[in-house]
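Here are my notes after going through the coordinates.

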Amino acid sequence: MAMILDGTLVLPDRLAPGRVTFDDTIRAIEPGPVAHEATRYILPGFIDTHVHGGDGADTMEGVAAIGRLARFHMAHGTTTILPTTITRPWPDVMDALRAVAEVRHAGLSGGPAIHGAHLEGPFVSPHRLGAQPPFAIAPDPDHVAQALATGVVRVVTLAPELEHAETAIAAFAAAGVRVSIGHTVASFEQAEQAICRICAAGGTVGATHLFNAMGGIEGRRPGPATALMCSDAGHAELIFDTHHVHPASFRLAHRLMGERLLFVTDAMRGAGLGDGPSQLGGQEVMISDGIARLPDGTLAGSVLTLDAALRNALAAGTSLVDAAKLVSHNAARYLGLTDRGALVPGMRADFVVMDGDFTVREVWVAGQRHT
Ligand SMILES: [Zn+2]
């Protein structure tokens with residue numbers, strides 16, 4: 001049975017009042033006058049490729065927690081999600097990957113699409129852990145094979161300077177896993193070399209939370225962020241809660257990367273719970289004024305949701321068409337998901353309905369209203 005939503009449609013190239021007709025798939029887009037175009041926006045469903053938790057739940061806790069955090073983020077517009085692991089002893093990481101695979105296989109009724117997992121850690125630099133606990137290991141062939149055998153890893157964060165990184169890049173790329181450079185002490189030159197290796201192996205290059213947990217940009221030491229921004233092949237995640245990244249740094253990256261830049265939340269379990277004590281990867285965290293920190297002051301993930309990231313982009317001067325792409329289309333393109341990320345006939349009927357203040361009012365996943 002065909003359904004209809006109307007309002008201001010956020011299309012790939014413009015805003016247009018009109019209506020979208022759909023079942024589980026978008027059947028028609030019809031621009032034209034509608035009654036409440038100023039107070040009702042229809043956006044493509046959001047896609048989060050890097051999210052640890054929310055509403056008190058963490059990916060590392062297994063099946064029930066993954067369902068809980070996924071539904072929490074869906075209420076903020078996320079219709080496709082990659083639950084994300086953290087650096088812990090290897091058996092814990094494997095348990096988490098198997099749990100994501102189980103939820104993905106069963107489907108999450110009343111929840112967003114679980115595309116797979118982002119394996120963030122343990123293949124990271126022990127010298128650039130950020131808020132990752134100290135269980136980093138090198139991506140040796142045995143561990144890489146175990147991770148790939150779960151069939152659920154879609155993105156892997158990798159520090160390219162680690163021992164075995166070259167063979168790991170080839171193995172992940174051959175399996176279609178996006179290789180996301182991050183938590184790294186790589187130089188500009190090492191990052192460029194890694195980008196070349198990923199491309200030569202037929203892979204897709206990513207960057208894990210660009211600017212965070214990697215070297216900064218200096219005139220004589222451009223660092224991995226410059227290599228990633230200047231490469232035509234590189235995509236990059238950005239945590240735009242305005243604490244992890246300054247609005248000017250966002251504008252720089254957006255100007256250089258355009259549709260190769262994608263917003264992620266990197267949210268931890270405290271997202272949605274307000275200020276107070278929390279945990280990340282077994283470490284104590286304090287959330288104060290919406291900022292999560294370890295006791296030493298290190299930023300410990302975020303309490304961001306993608307609807308808030310979209311509002312932050314609008315406040316930084318981004319157009320609504322581009323802001324919508326930062327939370328949807330650009331991630332779809334990075335992941336190779338050609339069936340979602342835009343209001344175009346033939347795509348999945350994943351929608352976020354927002355009011356005039358860009359607060360989420362409705363969320364639709366494959367034509368089913370869940371929020
Ligand atoms: Zn993370």
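Predicted model: local features only at pLDDT ≥ 70, side-chain atom pairs only at ≥ 80, totals over all residues.

1. Leu158 counts as buried, since its relative accessibility is 1% and the cut-off for buried is under 20%. The residue belongs to strand E11, which covers residues 153–158. Apart from neighbours within four places in sequence, Leu158 touches Phe123, Pro139, Ala165, Ile169, Val179, Ser180, Ile181 and Gly182.

2. E11 and E12 (residues 178–181) run parallel and are joined by four bridges; Val156 has Val179 in E12 as its bridge partner.

3. Now the metal site. Which residues coordinate the zinc ion? The donors are His50 (NE2), His52 (NE2), Glu120 (OE) and Asp266 (OD), at 2.0 to 2.2 Å. Along the chain they follow the spacing H-x1-H-x67-E-x145-D. His50 comes from strand E5 (residues 46–51) and Asp266 from the loop between strands E15 (261–263) and E16 (276–280), so this pair ties together parts 216 residues apart in sequence. Both are buried: His50 has a relative accessible area of 0%, and Asp266 has 6%.

4. What about the geometry at the zinc ion? The arrangement is irregular, because the angles subtended by the four donor atoms run from 85 to 170°. For four tetrahedral donors the ideal would be 109.5 degrees.

5. E5 is mostly covered, with six of its six residues buried. Four bridges connect E5 to E8, and the two run parallel. Within that pairing, Ile47 stands opposite Thr80 in E8.

6. Helix H2 (residues 90–106) passes a simple length check: at 1.5 Å a residue its 17 residues should span 24 Å, and the end C-alpha atoms are 24 Å apart, so the two agree. Its buried residues are Trp90, Val93, Met94, Ala96, Leu97, Ala99, Val100 and Val103. They pack against several elements, including helix H1 (63–74), strand E8 (78–83), helix H3 (141–149) and E11. Just after H2, Gly107 has a positive phi of about 75°.

7. Finally, some backbone details to look at. The Gly121 to Pro122 peptide bond is cis, with omega near 15°, and Pro122 is in the loop between E10 and H3. His164 is not a glycine, yet its phi is positive, near 75°; it is in the loop between E11 and helix H4 (165–174) and is partly exposed at 32% relative accessible area. Phe358 also has a positive phi, near 60°, in the loop between strands E19 (351–354) and E20 (360–365). Phe358 counts as buried, at 14% relative accessibility.

Notes. Residues numbered from 1 in each chain as written. Heavy atoms only, no water. Donors = N, O, S within 2.8 Å, 3.2 Å for Na, K, Ca; no water. Tetrahedral: all angles 85-135°; square planar, octahedral: opposite > 155°, others 65-115°. Buried < 20%, exposed > 50% of the residue type's maximum accessible area, 1.4 Å probe, protein only. Contact = heavy atoms within 4.5 Å. Expected span 1.5 Å × (residues − 1). Pairing = 2+ DSSP bridges.
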